[in-house]
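Here are my notes on the model, point by point. Please read them with the structure open.

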Amino acid sequence: MKRHAPFLVALALFGCHVSQTAGPGLDRQAAAVQRRAIVVDTHVDTTSRLLDEGFDLEARATTGHLDLPRMREGGLGAPFFSIYVAAEWVGRGASRRALDMIDTVYEQCDRHPSEIALAVSVADAERLHREGRVAAFMGIEGGHAIENSLRTLREFHRLGVRYMTLTHVNTNDWADSSTDDARWGGLNAFGREVVREMNRLGMMVDVSHVSDDCIRDVLETSEAPIIASHSSCRAISNIPRNLPDDLIRAIAAKGGVVQLNFGTLFLSQAAAGVAWPAIEKINALRKSAGSNPVTANEEIERMRKSIPTVHVPAEALIDHIDHVVKLVGADHVGLGSDFDGVPSVPDGLEDCSKLPWITKRLLEKGYSEDDVIKILGGNLLRVLGECERVAARLQRERPPSTATIEKLVPDLHH
Ligand SMILES: [Zn+2]
């Protein structure tokens with residue numbers, strides 16, 4: 001790149017920010033952009049550590065991907081804590097599991113009020129950013145958490161949950177998963193009612209984990225833009241959990257956003273080739289774990305640890321950002337790391353303290369400051385804001401839904 005330096009200096013002199021050379025100028029610019037941006041990560045699984053390991057966010061940990069010191073270092077202002085309900089909780093108190101997860105987020109906010117507070121709106125994120133505190137959002141992962149009840153869905157919204165991933169690795173009673181049997185060909189009638197009620201509440205509909213047909217049904221049903229909270233591009237790493245180009249285009253056409261997963265198998269076909277067969281075995285074990293979940297969890301941990309590491313450079317994430325931007329522009333892509341949820345992350349993005357590297361690299365590649373700020377979180381907040389506006393309108397137009405799955409899906413148990 002050295003031989004282009006005079007050309008770049010000339011561009012800089014004329015105020016044109018097509019590209020940047022490395023150096024203190026770029027470092028200063030990146031730091032300023034990082035401070036201005038409300039950095040959103042739509043999927044962190046640290047909640048599982050809070051609940052199952054008694055983990056606390058206050059001290060810098062030597063394990064895992066996220067805590068308050070590393071969030072400060074990385075400028076991560078608005079993580080969505082995943083209220084993750086594993087498939088083995090179906091029929092065994094899935095809603096209570098979600099409530100316990102939610103309580104851990106409240107507990108952290110109560111323990112460290114000067115550093116982190118619950119956020120349920122765009123206004124909250126902006127205010128907490130000004131105050132220098134972390135905005136703790138929540139998203140449910142696994143629609144079975146509502147136990148087929150729209151009233152329970154509304155209770156979760158009242159507690160502050162602002163998105164729901166319609167399935168996890170399991171197809172549920174109303175939506176098909178990308179990693180399970182297609183029982184409904186997408187969404188059934190109750191699934192469509194769930195989406196409509198989420199729209200009325202202002203809870204973002206998340207299509208990570210669901211089948212391609214289910215994404216199409218959601219796009220057809222939803223009255224608001226939708227998100228994929230932690231999925232990457234299937235054109236680069238061909239696994240069912242990633243999004244094909246036509247669905248990235250369809251999500252963007254509806255004003256939505258694709259939040260890219262940092263997991264190496266999501267980013268690299270070489271890593272997927274090694275890890276995906278093991279992930280499929282783990283998913284099968286999760287789905288069949290009903291009778292003995294404790295043994296299953298130990299087995300799952302052992303299997304996760306035995307997945308061989310394929311080193312993937314951080315640049316792989318940039319390739320996915322570039323791919324989405326080439327397809328649909330810079331307004332429809334963001335970050336959904338899956339920190340503390342994926343077996344391995346790229347070299348150079350080892351934890352949330354490394355997020356400023358993304359900012360620097362995008363500026364270096366010639367992305368405008370405005371586009372970088374959108375990718376870091378502006379796009380997601382735009383979608384949340386739009387969902388808030390749609391909800392305000394729908395709440396004037398219709399009352400809460402009283403639909404039940406028994407009424408809408410009479411052949412449920414056949
Ligand atoms: Zn997930």
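1. L50 touches F55, T104 and Q108, leaving aside residues up to four places away in sequence. L50 sits in helix 3 (residues 46-53). This is a predicted model, so positions here are computed ones. L50 counts as buried because 21 C-beta neighbours fall inside 10 Å. S149 is another matter: 99 residues separate L50 and S149 in sequence, and their C-alpha atoms are 27 Å apart in space.

2. Overall make-up. The protein chain has 17 helices and nine strands. Buried residues account for 50% of its 414 residues. The C-alpha atoms fill a box of roughly 70 × 50 × 45 Å along the principal axes. The radius of gyration is 21 Å; a compact globule with 414 residues would have one near 22 Å, so the two agree. Take the contacts between residues at least 6 apart in sequence: 75% of them join residues at least 24 apart.

3. Which residues have the most contacts inside the largest nonpolar core? They are I83, A98, M204 and V258, in a core of 113 residues. Helix 16 (residues 369-397) supplies the largest share of this core, with eight residues. In soluble globular proteins, nonpolar side chains tend to be buried together. A98 deserves a look of its own. Beyond its sequence neighbours up to four places away, A98 touches I83, V85, I140, A145 and F156.

4. Strand 2 (residues 76-84). Nine of its nine residues are buried, so strand 2 is largely enclosed by the rest of the structure. Strand 1 (residues 39-44) runs parallel to strand 2, and four bridges join the two. In that pairing, V40 has A78 as its bridge partner in strand 2. Strand 2 also runs parallel to strand 4 (residues 134-141), through five bridges. Across that pairing, F81 is partnered by M138 of strand 4, and Y84 stands opposite E141.

5. Strand 3 (residues 116-118) pairs with strand 4 in the parallel sense over three bridges. Here the bridge partner of I116 is V134. Strand 5 (residues 161-165) is also parallel to strand 4, joined by four bridges. M138 has V161 as its bridge partner in strand 5.

6. Crossovers. Strand 3, helix 6 (residues 122-131) and strand 4 form a right-handed β-α-β unit. Strand 4, helix 7 and strand 5 form a right-handed β-α-β unit as well.

7. Helix 15 (residues 356-364). Its buried residues include P356, I358, T359, L362 and L363. These span an arc of only 155° around the axis, which puts them on the same side of helix 15. What do the buried residues of helix 15 pack against? Helix 2 (24-36), helix 4 (68-74), helix 14 (315-328) and helix 16. Helix 16 is also the element that gives the largest share of the core. Just after helix 15, G366 takes a positive phi of about 105°.

8. Backbone points to inspect. E147 is not a glycine, yet its phi is positive, about 50°. E147 lies in the loop between strand 4 and helix 7 (150-159). With 21 C-beta neighbours inside 10 Å, E147 counts as buried. D338 is not a glycine either, and it has a positive phi of about 70°. D338 belongs to the loop between strand 9 (333-335) and helix 15. D338 is buried, with 26 other C-beta atoms within 10 Å.

Notes
Residues are numbered from 1 along each chain as its sequence is written. This is a predicted model: local features need pLDDT of at least 70, side-chain atom pairs count only at pLDDT 80 or more; totals for chains, interfaces and linings use all residues. A nonpolar core is a set of buried Ala, Val, Leu, Ile, Met, Phe, Trp, Tyr and Cys residues joined through C-beta atoms within 7 Å. A residue is buried if 20 or more other C-beta atoms lie within 10 Å of its own, exposed if 12 or fewer, and partly exposed in between; C-beta atoms are placed from the backbone. Two residues are in contact if their C-beta atoms, placed from the backbone, lie within 7 Å. Two strands pair if DSSP finds at least two bridges between them. The arc is that of the directions from the helix axis to the C-beta atoms. The radius of gyration is taken over C-alpha atoms; the globule rule is 2.2 Å times the number of residues to the power 0.38. A crossover is right-handed if, with the strands pointing away from the viewer, the path from the first strand over the helix to the second runs clockwise.
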